[in-house]
Amino acid sequence: MIVVTKPGIPSFEIERICAELRNWNVTPEISIGTHKTIVGLVGDTAEIDPRQIQNLSPFIEEVVRVEHPFKQASLAWTYSQPSEVIVQTPSKTVTIGKNYPLIVVAGPCSVENEEMIVETALQVKAAGAQFLRGGAFKPRTSPYAFQGHGETALEWLAAAKEVSGLGIITEVMDAGDLDRIAAVADVIQIGARNMQNFSLLKKIAGVGKPILLKRGMSATIEDWLMAAEYILAAGKSQVILCERGIRTFDRKYTRNTLDLSAIPVLRTLTHLPIMIDPSHGTGKSEYVPAMAKAAIAAGCDSLMIEVHPHPDRALSDGPQSLTVREFEELMQDVGVLSQVFGRSQPSQFANATMKRFDLPTAIDGSRTIGG
Ligand code: PEP
Ligand code: MN
């Protein structure tokens with residue numbers, strides 16, 4: 001349930017309302033917007049009659065019951081305002097959200113050695129990425145497959161961060177590694193296989209870093225939002241949702257089925273920012289550019305792309321990794337599409353040109369696209 005206040009409510013009145021609300025055994029959480037202050041009621045509100053709350057103050061405009069089982073993750077929780085995740089990377093502040101420029105995360109599946117991660121960081125940065133991704137602790141289907149270089153890889157990620165100034169995204173699998181990961185990562189990833197590891201979700205909320213929550217490979221959208229709810233309920237974490245493909249009956253030609261319809265669906269359900277990972281979503285590098293571009297058109301806030309200097313020699317996920325050259329080419333198109341969909345930032349895609357699309361004139365000949 002949320003309590004929406006009228007513009008101009010004095011702060012002592014908000015405090016008084018909150019004190020009253022605590023009598024109902026709920027925890028009020030205040031969020032101050034530009035025009036309105038919203039008080040979310042955390043806890044069991046099933047027995048509370050919204051009219052009783054409405055009567056608490058003439059400054060209350062509306063009391064809204066959140067109908068979904070996910071509460072703090074729901075769009076109603078913010079009174080339909082999209083939320084954004086703000087990350088202070090070494091070189092700049094990066095904001096991920098619906099009303100902000102598209103953010104690109106790129107890098108190898110696994111951090112294999114210091115040289116490759118530093119090189120890749122510099123190259124993806126030059127192409128326009130804001131974050132470097134790379135796994136130190138890898139969730140592998142086979143116990144005999146490469147499991148990641150662990151703590152050593154975190155040191156290599158730290159080196160890449162220092163040299164490139166990029167933000168770092170890396171996955172946690174074991175709560176025991178959280179502090180070490182948080183010391184390097186700007187955003188901590190919960191992988192698809194751990195989406196419903198509820199004890200890990202509760203612990204990660206205490207770390208104070210933004211969380212990238214990947215969709216479980218067989219998770220419904222509601223399962224996924226309930227997993228986000230675990231993180232939000234356990235602390236004040238910022239959460240980004242990442243669609244990375246789900247299991248369907250067809251696995252012959254693609255590794256997963258990238259559910260791009262999740263983007264418009266999530267927009268009706270949640271305020272959380274949305275990232276799309278077409279690399280795991282397709283499992284094949286040749287399909288990644290098409291799905292990355294489709295994701296921008298469908299309105300994602302961010303892309304995660306696996307990039308490896310030598311995909312044929314990668315220790316994990318080589319077949320779905322773009323070469324640096326392929327990534328640079330994709331970023332040209334990403335730059336153009338970001339402009340078309342109003343999601344570009346002036347300095348981000350300095351090299352983007354319209355020539356690949358050659359779309360200067362609209363059908364009636366009256367306007368040009370992209371100026
Ligand atoms: C990854 O990002 O490398 C990864 C293992 O992703 P997922 O959890 O989506 O499989
Ligand atoms: Mn991978």
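1. Three strands contribute to the lining of the largest pocket: strand E2 (27-32), strand E3 (37-42) and strand E5 (84-88) each supply at least two residues. Among these, E2 gives the most, with four residues. Strands (E, at least two residues) and helices (H or I, at least four) are DSSP runs, numbered from the N terminus.

2. On the basis of the note: this is a predicted model, in which local features need pLDDT of at least 70 and side-chain atom pairs count only at pLDDT 80 or more, while totals for chains, interfaces and linings use all residues. Residues are numbered from 1 along each chain as its sequence is written, chains are lettered from A and ligands numbered from 1 in the order in which they are written, and side-chain values use heavy atoms, with hydrogens and water left out.

3. The protein is divided into domain 1 (2-65) and domain 2 (84-355), with bounds that come from an automatic or database domain assignment. Taken over C-alpha atoms, the centres of domain 1 and domain 2 are separated by 36 Å. The largest pocket lies between the two domains, because domain 1 and domain 2 both give residues to its lining.

4. The volume of the largest pocket is about 910 Å³. Its lining comprises 30 residues, and those nearest the centre of the pocket are Ser-31, Trp-77, Thr-78, Ser-83 and His-271. By residue class, the lining holds 12 nonpolar, 14 polar and four charged residues. In this classification Ala, Val, Leu, Ile, Met, Phe, Trp, Tyr, Cys and Pro count as nonpolar, Asp, Glu, Lys and Arg as charged, and the others, Gly among them, as polar. A pocket is defined on a 1 Å grid over the protein atoms alone as an open set of points with protein on both sides within 12 Å along at least five of seven lines; a cavity is a set of points where a 1.4 Å probe fits but cannot get out, and lining residues have an atom within 4 Å of a point. Grid points are joined across faces, edges and corners, and a volume is the space filled by probe spheres set on the points.

5. A search of the whole structure finds one cavity of 30 Å³ or more. The largest cavity has a volume of about 40 Å³ and is lined by Arg-133, Gly-134, Gly-135, Lys-138, Ile-169, Thr-170, Glu-171 and Gln-189. Strand E9 (residues 167-171) gives the most to this lining, with three residues. The lining of the largest cavity divides into one nonpolar, four polar and three charged residues.

6. Buried means under 20% relative accessible area, exposed over 50%, and partly exposed in between (1.4 Å probe, protein chains only). Not counting residues up to four places away in sequence, Lys-214 touches, among others, Arg-133, Gln-189, Trp-224, Asp-277 and His-280; contact means heavy atoms within 4.5 Å. Arg-133 and Gln-189 also belong to the lining of the largest cavity.

7. The largest nonpolar core has 73 residues, and Leu-213, Leu-303 and Phe-327 have the most contacts inside it. H7 gives the most to this core, with seven residues. Apart from it lies another core, of 15 residues, including Val-3, Ile-17, Ile-53 and Ile-60. A nonpolar core is a set of buried Ala, Val, Leu, Ile, Met, Phe, Trp, Tyr and Cys residues joined through side-chain atoms within 4.5 Å. Leaving aside neighbours within four places in sequence, Leu-303 is in contact with residues including Leu-102, Val-104, Met-275, Ala-295 and Val-334.

8. Ile-221 is placed in helix H7 (residues 221-234) and, at 15% relative accessibility, counts as buried. Beyond its neighbours within four places in sequence, Ile-221 is in contact with Arg-215, Asp-259, Ala-262, Val-265, Leu-266 and Leu-269. Ile-221 and Val-265 are 44 residues apart along the chain, and their C-alpha atoms are separated by 8.6 Å.

9. Two residues other than glycine may be checked for backbone geometry. Tyr-79 has a positive phi, near 60°; it is found in the loop between strand E4 (60-64) and E5 and counts as partly exposed, at 26% relative accessibility. Asp-317 has a positive phi, near 55°; it is found in the loop between strand E14 (302-306) and helix H11 (324-340) and is buried, with a relative accessible area of 17%.
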